[in-house]
Amino acid sequence: MKLRSSIVSACAAAGLAVTLLAPQAAARQDGHGYGQPSSAGAKPTIVLLHGAWADASGWTEVVKRLQHDGYTVKAPAVPLRSVSGDSKYIASILKQTPGPLVVVGHSYGGAVMTNAAYGNPRVKALVYIAAFAPDAGESLADLVSRPQPNPIPPLPVQPLAYPKPDGSEGIDLYLDPAQYPSVFLNNRLPRPLANAMAVEQRPLSNDAFVEKTTKVAWKKIPSWYLVAKNDRAIDPDLQRFMASRARARTVQVNAPHLAMVTNPKPVTALIERAVHTTAR
């Protein structure tokens with residue numbers, strides 16, 4: 001109640017008129033199923049986390065399938081600023097979402113999920129989609145530098161400086177837009193659409209790339225993993241290593257890195273398999 005009052009007061013000070021709904025009330029008014037309450041035996045809310053150089057719209061085809069099957073879905077924007085900060089943000093969303101949860105992470109979203117879901121007893125399953133599943137003390141940089149039998153080419157990353165709130169300089173990492181369709185999508189989408197996604201990409205801060213994971217949810221929570229066999233962004237052999245280490249139930253799909261965009265059917269099927277297994 002104190003937090004809700006503080007939010008209303010802050011909005012009023014900014015000249016904003018708001019009606020702050022409780023999660024249950026918000027669920028009744030939200031036609032898209034955001035934050036619907038969960039009663040005993042109800043389906044879990046499925047939370048979808050995007051990765052770097054993408055946004056939540058990449059989940060659109062999966063969201064439509066899940067909603068058609070009667071699931072409540074959330075696809076929040078991941079800040080892409082730091083593993084610790086992003087994880088705290090997503091953890092706050094999970095804590096404020098009622099009922100059981102199944103959390104799904106793609107790419108960098110898997111690292112965020114690994115940290116954010118830790119210690120939350122309502123998270124019943126983790127689903128990694130061509131995603132990072134770091135162990136404690138590992139960064140994304142550590143994982144991609146692991147020797148692999150059939151290494152993929154280095155990512156065509158373009159750095160761009162930006163000012164941090166403390167006055168220091170940070171580095172944002174972008175994918176070369178000219179190579180985005182081939183690296184992220186293996187040229188599986190119409191070129192105009194792929195080119196649009198390339199210029200709409202959200203950058204990953206280098207801080208997020210080098211920061212170490214501190215909490216490891218997959219050691220406690222049942223996990224599933226979809227290996228994108230044609231991935232040119234995260235080495236498929238690295239994906240298999242992370243899936244095996246997490247003891248994840250694993251499927252392999254002939255898909256590029258953005259598997260949920262090009263292959264939404266098997267991605268949805270794996271998520272629902274995780275739901276059905278943990279609901280038993």
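**Group meeting: a walk through the predicted model**

Let's start inside the sheet: Leu48 has Val104 as its bridge partner in β3. Helices here are DSSP runs (H or I) of at least four residues and strands are DSSP runs (E) of at least two, numbered from the N terminus.

Before going on, a word on what you are looking at. This is a predicted model, where local features need pLDDT of at least 70 and side-chain atom pairs count only at pLDDT 80 or more, while totals for chains, interfaces and linings use all residues. Residues are numbered from 1 along each chain as its sequence is written, and side-chain values use heavy atoms, with hydrogens and water left out.

Back to the sheet. Strand β1 (residues 45-49) pairs with strand β3 (residues 101-106) in the parallel sense, over five bridges. Two strands count as paired if DSSP finds at least two bridges between them. Which strands make up the open sheet, and in what order? There are six, running β2-β1-β3-β4-β8-β9, with parallel pairing. At the edges sit β2 (72-74) and β9 (249-253), each pairing on one side only. On average, neighbouring strands of this sheet are turned by 15 degrees against each other, direction ignored. For angles, axes are lines fitted to C-alpha atoms, for helices over the stretch in contact, and values run from 0 to 180 degrees between N-to-C directions.

Now the helices. Helix α5 (residues 108-116) packs on the sheet and touches β1, β3 and β4 (123-129), its direction making about 145 degrees with that of β3. Helix α12 (residues 264-278) lies across β1, β3, β4, β8 (223-228) and β9, at about 165 degrees to β8. Contact, by the way, means heavy atoms within 4.5 Å.

Our friend Leu48 comes back in the core. The largest nonpolar core has 82 residues, and Leu48, Tyr108 and Leu126 touch the most other members. Strand β4 gives the largest share of this core, six residues. Such a core is a set of buried Ala, Val, Leu, Ile, Met, Phe, Trp, Tyr and Cys residues joined through side-chain atoms within 4.5 Å. Buried means under 20% relative accessible area, exposed over 50%, and partly exposed in between (1.4 Å probe, protein chains only). Beyond its neighbours within four places in sequence, Tyr108 contacts a list of residues including Gly51, Val78, Phe132 and Leu204.

On to charges. How many salt bridges does a search of the whole structure find? Eight, each a side-chain nitrogen of Lys or Arg within 4 Å of a carboxyl oxygen of Asp or Glu. Take Asp172 and Arg81, whose side chains meet at 2.8 Å, N to O. Asp172 lies in strand β6 and Arg81 in the loop between β2 and α4 (83-95), so the pair ties together parts 91 residues apart in sequence. Asp172 is buried, at 10% relative accessible area, whereas Arg81 is partly exposed at 29%.

Another one joins Asp135 to Lys219, with the closest N and O atoms 3.0 Å apart. Asp135 is in the loop between β4 and α6 (140-144) and Lys219 in the loop between α9 (206-210) and β8, 84 residues apart.

Asp176 sits in the loop between β6 (169-175) and α7 (180-185). Asp176 is buried yet has no salt bridge. Where is the nearest side chain of opposite charge? That is Arg191, 9.2 Å away, with Lys and Arg counted as positive, Asp and Glu as negative, and His and the chain ends not counted.
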